[in-house]
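Student: I am new to this structure and would like to go through it slowly with you. Could we look at it together, one question at a time?

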Amino acid sequence: MTTTERVAKVVLVDIEGTTTSIKFVQDVLFPYAKENVEKFLRDSWARDDTKQIVQDLQQVPQFAEYKNTLSAPPAELDAELITGFVRYLIDKDLKVTPMKTLQGLIWAQGYASGELKGHVYEDVPAAFQAWRDAGLQIGVYSSGSVAAQKLIFGHSIFGNLMDHLSAYFDTHVGHKQEKQSYENISKSLKVAPEHILFLTDIPGEAAAARSAGLQAILLQRPGNTALTDSQKTTYEVIPDFKPLYILKLP
């Protein structure tokens, strides 16, 4: 495939389905968090950060919904109740910020022990290097917590890639299919939206980014949800980062 020459100051990348296999997230990371959440909560129950996460989880609308599914809800809040709720959220793949924060803490232990290594596609390190060599900044915007983002790239199968990355955004900046989120990112980066190129596998995210003035390209990686004919004509679609190795500053 011939390379596409494009102008940008910042490349903003999604993770799942873009830099990283959906299979890794769904078949490795989520099950690891689900399996280890109870031990983590019991071991850290008295810690301030865990207390804050537990408090925040109780404010999530689905918490009352989950308790109603229990035949005998516990009289007191305990690690078992929160464990069950977190597993419930993981099973439903709900993008709940405190749950994502908790997952990040659990994954940190897995990366530190060597049980986990962050998957990135083989074309990603080369693209990161090429973009930095061209003088561009690279940022990350994912529904996973900033801490979890840094773990994937800091402990990747290709080594530590964090030197390439200068900005990280998660759902604290807003949800990924909302225009305001991308406006917030543009303001935070102090870069005009038209000079930010967003790479994602989700059309709804690309649409939100475009509505805020960003450039957006869709990735059709193996295992990603198939795109409709309409989506293929609405957006530029690429199979990997190789067509974007050549990027220039405005």
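Student: Which residues have the most contacts inside the largest nonpolar core?

Tutor: This is a predicted model, in which local features need pLDDT of at least 70 and side-chain atom pairs count only at pLDDT 80 or more, while totals for chains, interfaces and linings use all residues. Residues are numbered from 1 along each chain as its sequence is written, and side-chain values use heavy atoms, with hydrogens and water left out. A nonpolar core is a set of buried (under 20% relative accessible area, 1.4 Å probe, protein chains only) Ala, Val, Leu, Ile, Met, Phe, Trp, Tyr and Cys residues joined through side-chain atoms within 4.5 Å. The largest one has 58 residues, and those with the most contacts inside it are Trp107, Trp131, Phe153, Leu199 and Phe241.

Student: Which helix gives the most to this core?

Tutor: Helices here are DSSP runs of H or I with at least four residues, and strands are runs of E with at least two, numbered from the N terminus. The helix that gives the most to this core covers residues 22-44 and supplies 9 residues, and its name is α1.

Student: Is Leu249 buried, partly exposed or exposed?

Tutor: Leu249 is placed in the segment after β8 (247-248), and leaving out residues up to four places away in sequence, it touches Val7, Ala8, Lys9, Ala134, Gly135 and Leu136, where contact means heavy atoms within 4.5 Å. Exposed requires over 50%, and partly exposed is the range between buried and exposed. Because Leu249 has 42% relative accessibility, it counts as partly exposed.

Student: How far apart in sequence are the parts that Glu122 and Lys242 tie together?

Tutor: A salt bridge is a side-chain nitrogen of Lys or Arg within 4 Å of a carboxyl oxygen of Asp or Glu, and Glu122 forms one with Lys242, the closest N and O atoms being 3.4 Å apart. Glu122 lies in the loop between α5 (97-113) and α6 (123-133), whereas Lys242 lies in the loop between β7 (236-238) and β8, so the parts that this pair ties together are 120 residues apart in sequence.

Student: Where do Lys179 and Glu183 both lie?

Tutor: Lys179 forms a salt bridge with Glu183, with the closest N and O atoms 3.8 Å apart. Lys179 has a relative accessible area of 41% and is therefore partly exposed, as is Glu183 at 25%. The two are 4 residues apart, about one turn of the helix, and both lie in helix α8 (residues 179-189).
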